[in-house]
Structure formats: structure tokens, C-alpha cells
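The structure is shown first.

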Amino acid sequence: MHRAHTAFSLALSPMAHKNFATWLINSNSSQRLAKVTAAAAVRTYNSAAAEPFANGSTASYVEEMYNAWLRDPTSVHTSWDAYFRSNTYVSPPNLAPVQANTLPLTAFNFGGAVSGAAPDSKTIDDHLAVQAIIRSYQIRGHNIAHLDPLEINTPDLPGNSSTKTIYANFSFGEQDMERQFKLPSTTFIGGDEASLPLKEILNRLENVYCNKIGVEFMFINSLEQCNWIRKRFETPGVLNFSPEEKRLILARLTRATGFEAFLAKKYSSEKRFGLEGCEIMIPALKEIIDVSTELGVESVIMGMPHRGRLNTLANVCRKPLNQIFTQFAGLEAADDGSGDVKYHLGTYIERLNRVTNKNIRLAVVANPSHLEAVDPVVQGKTRAEQFYRGDQEGKKVMSILIHGDAAFCGQGVVYETMHLSDLPDYTTHGTIHVVANNQIGFTTDPRFSRSSPYCTDVARVVNAPIFHVNADDPEAVMHVCKVAAEWRATFHKDCVIDLVGYRRNGHNEIDEPMFTQPLMYQKIRKHKNCLDLYADKLIAEGTVTAEEVKSVAAKYENICEEAFVLAKTETHVKYKDWLDSPWSGFFEGKDPLKAAPTGIKEETLNHIGNRFSSPPPNAAEFVIHKGLLRVLAARKAMVDEKIADWALGEAMAFGSLLKEGIHVRLSGQDVERGTFSHRHHVLHHQLVDKATYNSLQHMYPDQAPYSVSNSSLSEYAVLGFEHGYSMTNPNALVLWEAQFGDFSNTAQSIIDQFISSGQSKWVRQSGLVMLLPHGMEGMGPEHSSCRVERFLQMSSDDPDYFPPESDEFAIRQLHDINWIVANCTTPANYFHIMRRQIALPFRKPLILCTPKSLLRHPEAKSPFSEMSEGSEFQRIIPDNGPAGQNASNVKKVVFCTGRVYYDLTKLRTEKQLESDIAIVRVEQISPFPFDLVKEQANLYKNAELVWAQEEHKNQGCWTYVQPRFLTSLNHSRDVSQSDEQSSYSNTTTTTSTTDNTTNNETNSNSESKPWLSRMFTTSNTESNQIGGESTSISGNFNAAKHFDLKNVKNDFNRPAGIAAAPGVRKSKTGRKISYVGRACGASTATGSKAQHIRELNALLNDAIST
Ligand SMILES: Cc1ncc(C[n+]2csc(CCOP(=O)(O)OP(=O)(O)O)c2C)c(N)n1
Ligand SMILES: [Mg+2]
């Protein structure tokens, strides 16, 4: 039984019903403890200040007494001695006590019947008071520590002094100051001393907890961890640094400061988001890395925002300075990618750590503007690296996340990422968070940007200790960093370093901060920088001379100058220099346009099918749910019949990849069972907790590892995590599944900023698969659509451009697109498209609309023959029935994608229109299968063409496919190049105004200005009817350039050069495609189920009519 309960049952003492807190804190006391140090301004009100003394953590007082008594029975008061001798005491579990976290005084049985000795209540009171003071410092000391270099009061927060905050409401007199007090086991301020005079106790506590470091840790549930921290900060002498250590700090600070000064001098009008006011962050990061390397870390993965990024690359990663300076020159790129601004790019460096003499890899992950979005990506990448190295405890690979103060508390993804920190399949075994806290976010100060006392409070939810430190005290900062690195190495849990500094300039170097923070900046203008302050200190104490300080600074400036000269000789930037996780060897020796086959041997299908449909080998002991036995039996029957449903097709894809040594990782909410209860990859023993069986982990003895993980209920962090995971190794199939497709929009910035555009911005490829359950099935607005239109809108193929046809059409399209969007209607196609992710010689994200009701649809099954050798992914599934076989008789072709296909075929059968209406499934929507659509259109020469979809007209695929259909249809007539050219030229009246004949300016920029010259050309505007829609275009266009194969260099999906193909034009073939489906809608809602069915029937009837 919990000790608190035991204690409650003890005999009542004269002070029964009183709690520690009320007993200790005498609110009437007028006598106050003499002030030990000058009170600092309290920045914020912390809830800890309102805690009663004997709360959850303070209840361990009895235990302290007990521990002390165990060591030496004479070290405690006789009443305690008697009590513990009575054997009534039971050691507690390490949990907060019940009952509002308070412990009644009766628990201690003072003077009870056992000892018979009356306690000396004054002695007990005083000892308890000292204990209370010690605890109070430990809990609340950070509230009044001198953390802010600017010493700015936050005026509308309750000001307070150390006296009020720490010793609130109870009394000691001057006369008590010299009295010796025994120290409890929960403090280390005594060093080797077991007791100290009260004055010394207070002095030491003040120094430890209220000086330049504020340690916030007493909320942590583990006594062991609290003690560990106390020891690291309280032990006398922990802040003593050797002269060598001090010189190293000074040298590092000199470089950090010198780097910013150099950039300010050379590029005074450029944004660089300098670190001035928090330069100590650079030595801080180096210290974390040094200590961590010493403790065994070999690879550090960092995520950080704009502020101080260039400095970090230069002075932490040691990226060549000339490469950094080249970024300021605005040079053309020598390689692929549209690039990004310099303070977003990533890097990867492997180098010798000169301090520890060990090799270390450092990666800074490329990040978008979107603050904190990179956090989960870093964690995923770190986790993957740990996984591939077999670093199961995170001893070799670690992550460091650097944050701004405003973003750390403002962005929800910080919280979501924190919650991954201790999950078995997501933990990176401790992240060190460093907050570059300049006490401002752009123009907003903390009073208006957060409701929590500190910007770091979010970390409390995961019991991470928070080390606040004044950024102007380099030695305090280094100590905190050392402790943080040791904390991570010891407990493998997150911790936070809150570097409280300021921002010397505006948000960027061009901004005027006095507009919005005049008083703060008056102070800042008068404030010496950290380097000068520290140099003065070291000079004053004789550690360095003024000449040494100057010479170190001058030396670094010379290094910068040399790199600056070197950078001037560069003519191009190379994005590949800024890659954060190179895939060495992956691309080498590969034909970039050749994919491996995806069909597999039938015996492999049989083997996987049999394993997947079997209970664990020790089935007799493993009790499986009866419903699941039926599922397994049904699977077995399918295997015997050589057919696969969705779950089996998926298992075939996973199992065969695992067999080929490809690691598969599936993550998302409830993915183990599957939201729709179709997957069941993890079988649970019905009688034994945590006894599970996962057949995909037992397919082959030498297979690659399979992991399937139910995630936390977060899309943003988990999708980001999986994206990061997929960046690390191309030879893995990493999948994230949304519970329902539309939930992916809470991860929109990962989709927009990383997945759709990562390659083009950062030459970062990823083969991540997003599985998005999609389909209008009357489940209401929020469970219907994965909003595929949004993904399609971000696809980078040009709607008006038909790429040159050849055998390599499909793979060239894939090679050059930013991502693939598909909606498969058969398990076999699902199987192939997933295997194709790995078969491709490059990596592209795959956005896959996945079924819900189709998971169990009797027709949505595939024979093994469609997955076996020789079969492959079908971008379009033609009509293979009577219509397809006798195409010239077909009156209408219905193109569609996804589950509506099955509704359409059903109705067609009912109406006996199989010969009149062909139904063609577009399975790969983007990149658009222009070639196959053209082929189909040619096949059904006389037929009317419609696109049928169940989504509303402004949703689904229509807006994406419509112009592309027209481009395909225009191509379905044999149009010679000259035809093309004249057809385009006809659209302009001023033939002389072409790309390169207007004037000198256009001449010299003929490649880059066609769109611009078109804008200023007298032109006709014509209006076309396309698919019932009216579209206007204008302008002159040099078509030859766009349709000349020679001009199609890097990007197959877009016309060569910079210009886009012209807007949608009149159908030259006279064919059009019309829309059948719902009208436009504001939401994905279809009203009631009845309305949904009515609407669906209407659209099906429209489609299936001749
Ligand atoms: C998600 C997001 N919202 C808004 C912005 C615009 N923005 C850029 S920097 C900044 C202030 C960030 O303040 P802080 O996190 O304290 O970092 P600091 O610039 O002070 O280092 C803002 C709001 C952004 N980059 N990302
Ligand atoms: Mg800030």
C-alpha cells in the first residue's frame, strides 16, 4: 500500500489535521529573514510559487529523514529515530502521493506512543524550515535568477523579491544565521559537509539557484533525476573553469562574434538573421557536441531556424566559409533545383572534432521558413540513422533542436514533436533543445506572444528539465551545456537550454527595432557585447592579455578575408554542397531512366500469402481473437484461390520488399489494425498483455526489418517524422497513413514545405508514401475526401504541354515530377505502385488515395497473375470488356479514377450498356498519362468523352485532368510541328514580336523573357469552349522551342526554357471532354446519407447514359 495511506492510519498527534504547508507558513509572522542577496526582478509569475510546501515533490521529506536515519540514526532528531525504529514506516513508491499532493502531519507520529519522548518542536520547526527553504530554492530559485542580460522588468507581471518568493511567510531571525543545520540528502550544497550554518546554506543556495542559471526541474517525477540535477548544480566548485577552458570559450566566442561582424561589414544590406546578442549559442553548441562526442556520440543531426544559421554552419559545422559567402553573390545554380535562401539550406559535414580527437558527422537539416516545422523531420531522420546503425539506445546518434523563443512557445508542432520523445517507435532517446531566447519575436515581445511564464514551458509536459541561463555569462552557459549533454547521455530524455539573450539589431539587419521596442533598444544600444564583457573579465582576472584578445580576433578576420577572396572566384552555386543527407552510392552506376520490374515470382506470392494468413507458429499457446481467426481463414482461402484483396496485396508488396532487403516502416494512427479493421498486422494474445505476433516480421529468416507503429494522435509531427525518416536511406519504403485522408491537412506545412517541394528547393529526394483514405461514401463532410485536388494543384507538370513520346515516356515523367499522385482501384495496382517506389532509380513521394469500402468490395480483388512476373503498374486501366473489344461501336467513354469505377460498372451492367459505354480508369493521375489518354481517345474515335467523379466539381481531379485531357486530345490528331507552330502563331497579330526580335533587352534575355514579351505584345484574345468551360488566352508563343526534343533537357514535364506553355487553347481535334458529377461545393459534405445516395445515383445515371 502507498505509504501515504499507511501514514493516514497512524494515531493522531496533537497537530493532527494540519498539513506541512499550513503549519510551516505562518502568515501572521512579521519577522522576515534578513535579505541575503539583492532581490532581482521577477520576470514572470510561476505556478510553482503558489505551491504548498508539502506538495507531491516535497512529500519526500520523510523519506529524506528516513534515508539520513538509515545512514546514521544519530543524524536525525530523536523523535524521528523512535519513529523509524518502530518499523511503522514503509518506503513509498516513486509517485506523487494521493489526496491533493499533501501529506498530513499526522503521518510523522511526532511524540506518539512509540517513543514516548516529546519532540522538541522548536528544533523540528527550524529544521523543517531550513528544509523548506532549500526546497523552495530548488523549486522557485529560477524565478528570481539573474537571467536577463538587459535586466528588463516585465511591468505587468507581479514583481517580487527573493525574500518574498523563497522565504515567503515564515520566520528566522538574524540570531539564527550562525546556527548549524543538518543538510538533507536532497541537497549537495554541503559538498563533504553534513551540516552548515544557516547563513552559508542561504549563500550557497542563492548562488546556485538565483545567479546566472535558473534550473527548473522540481516538477520531474523521478527522485533519481531530481537528485542527479541537484548534484550537478549544487556541488561546490562546479562552475570553476580552468584557464585553458576559459581561453577556449573566449576563442569560440571571438569566432562567433567575428563572423557576424564580418558579414555585417561585407554585406551590410543583406538579410542574414544574425546572432548578435546571443553569440554564445555557437560556443554552447560546440560544448554540447564536445561533451556528447566524449560520451560516445558520433553523429549529430541539428534542426534550426534562420537566426544564427550561417554562423552555425561556419563555426559549428565548419562548412567552408567561401561556400557560405558564395550564397551572398546571387549566382546561378550549377545543378538542379530552384534553390532556397541561404538561411534555409542544410549541410552535412564529417570531420575530426579537435577537442575530443574523434570523428563526428554533423548535419543541419534544410528547413523552410515555417518555424519549427523542421523539428519532427530532424527527429525522424535521427531515428532512422539510429535504426540503421543499430543504435538502439541513441548512444551514437543524437539530435539537437534550436528554437527561437517566440516560435518555441507559439508553434503547436513543438508540443506534438515533444510527445514523440518517449514513444517506443519514435523516440530518439533524448533531444537537446536550445532556445536562442532573444526575448522578442519579430516585433512582438513576450507579454503579447505567450500566456505561459517561460517560453519553454511546453517542455514540462514531458518532464524535461529546463536550464535557463544568462547568455552574457559564458561560463554559466558552458556549464549548463555540459550538464545537458550528460543528462541526455545518462537518462536519454529531452532537456532544454534557454539561452536568455537579446537581439542587437532588428528582426533582420535591415529592420528598425526602435519603431516597436524603443526602451528595450535604448538599453541594448548601451549594452556591451558578450565577447567584450567576457574578454574584460578574463583580462581583469589575468587569464588573458588584451593583446591576445585582439590577436585572436584579427586572426579570424584574416581567415574570413581569405575565404571572401576565394568566394569571388566562384561563378556558380552548387546546391549539392548543401545537401543534408547524401545518399552515397545510391545513384551511382544506375541508369536514371530504367526501373526494375515490379512483378514477382508466384512462389513468393504463395509464400507471403501463406505466412500472412497463418497464426503464429506457437498457435496453441497464443490465443487469438475468434474474429481474427476468421480473417486469417478468409485470407488463406484467397491464397488458395490465388487472389488477393487489398490487405493481402499490401502484404505482398511489403513482404516481397522485405525479402529483397528493403526495410518497410508504416506509421500513423491505428495503422497496426488499420482504421477500417482490414490490416491486422499485429495479432494480440487475448490473455497476455503485450504478447503480439506480426507475421510480416517473420516472412524470411534474412529479411529486412518491418515496423508498423500506431502513432501519437498527431499528423503534423508524425508526417514530418516519417518524411525525415525517409530522407536517411533510399532503400526503405516509408509510409504514413492518415486515419482519414482529410486529416492530412493538419500537416499541411510538411506537405507544402517539404514533401512537394523538398527536391526542388534542397535537392532532397524522398520516396515517402502518404496513404490517404479517400472516397465519398456518405460518411459526412469530414471523412470523405483527402482533398486530392490540393495535391494535384501542387504537381509540377504543365497542363498544356505534351512531353515527347518515346519508350521512356512514363519514367521520364516520373523522373522530373515533384511527386506522384495516384488512386488505385485494384490490389494488384496498389502492390505494383508501392514496389515501384523502390524499383525506380530515384525517389519521389507518392500520394496515394486509398479505399475504404473497397477494402472489402468483392470485385476489388486481383488474381496473383496481375502481381506475378511480367505484370506491372498500370497508369491507365483500359476497358477490357465488350466495349474495349469493339471500340468503334462505343458511344461514350467514361474516364474516372478510384472507387466510383465500381459504381459505374455496376450501373452499366444493370443498364446493359457494356458494349456502348467504355469505362477507363486513370490510376496514376499525376504525372498525367498524356500518352495513354491519347491512345484511349484514338481507340474510341467516335465516342463522346466524359470525366465522371463523385467529388464536387471544384474538388477531386477534374480541375487537374481537364486541361490535360485537352492537351492529350489535341495530340491525338497527327499534328506536325509546323502545324503546331502556325496554330500558335495564329494567336497573335504581331508576328514580328517574337522572343528575340523585339529590342536589345529581349535580345539579350531571349531565353528568360518570353512570357514578359508576350504580356506587352498586341495580341488577340480568344475565347474557347473547353469541356463546357470558357477560357481566355492571349499572346504570342514560340512553339517550336517547346516541342523540339532537343530543347527538353532537364524537365520533361514542362516546356524547355523558362516560359510555360501557353494557356489552354481551342481544341484542334474538335474533341472535348465533359464533366459528369456533383456541382461545386463549399465543403466535401453531401448532406444526409440519403442525399448522398441521391446525388451519387444522379451522377452515375448521367455518366452511364448514351
Ligand atoms: C510558422 C511561421 N509563422 C510566421 C513566421 C514569420 N516569422 C519569421 S521570424 C518570426 C519571429 C520569430 O521569433 P523567434 O522564434 O523568437 O525567433 P527570432 O527571430 O527572435 O530569433 C516570425 C513571426 C514564420 N517564419 N513561420
Ligand atoms: Mg526571439
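## Arg908 and Asp879

In this predicted model, Arg908 and Asp879 form a salt bridge through their side chains, at 2.6 Å from N to O. Arg908 belongs to helix 31 (residues 900–910), while Asp879 sits in the loop between strand 23 (876–877) and helix 30 (882–885); the pair links distant parts of the chain, 29 residues apart. Arg908 is buried at 8% relative accessibility, and Asp879 is buried at 8%.

## Other salt bridges

The salt bridges number 44. One of them joins the side chains of Glu805 and Lys934, 2.7 Å from N to O. It links distant parts of the chain, 129 residues apart: Glu805 is in the loop between helix 27 (788–793) and helix 28 (809–816), and Lys934 is in helix 32 (residues 930–939). Glu805 is partly exposed at 41%, whereas Lys934 is buried at 14%.

Asp126 and Lys122 also form a salt bridge, with the closest N and O atoms 2.7 Å apart. Both residues lie in helix 5 (residues 121–144), four residues apart, or about one turn of the helix. Asp126 is buried at 6% relative accessible area; Lys122 is partly exposed at 49%. Through shared partners, salt bridges connect Lys122, Asp126, Asp176 and Arg179 in one network.

Asp405 is in helix 14 (residues 405–410) and Asn438 is in the loop between strand 9 (431–437) and helix 16 (446–449), so the pair ties together parts 33 residues apart in sequence. Asp405 is buried at 3% relative accessibility, and Asn438 is buried at 6%.

Methods
Residues numbered from 1 in each chain as written. Chains lettered and ligands numbered in written order. Predicted model: local features only at pLDDT ≥ 70, side-chain atom pairs only at ≥ 80, totals over all residues. Heavy atoms only, no water. Helix = DSSP H or I, 4+ residues; strand = E, 2+ residues; numbered from the N terminus. Buried < 20%, exposed > 50% of the residue type's maximum accessible area, 1.4 Å probe, protein only. Salt bridge = Lys/Arg side-chain N within 4 Å of Asp/Glu carboxyl O.
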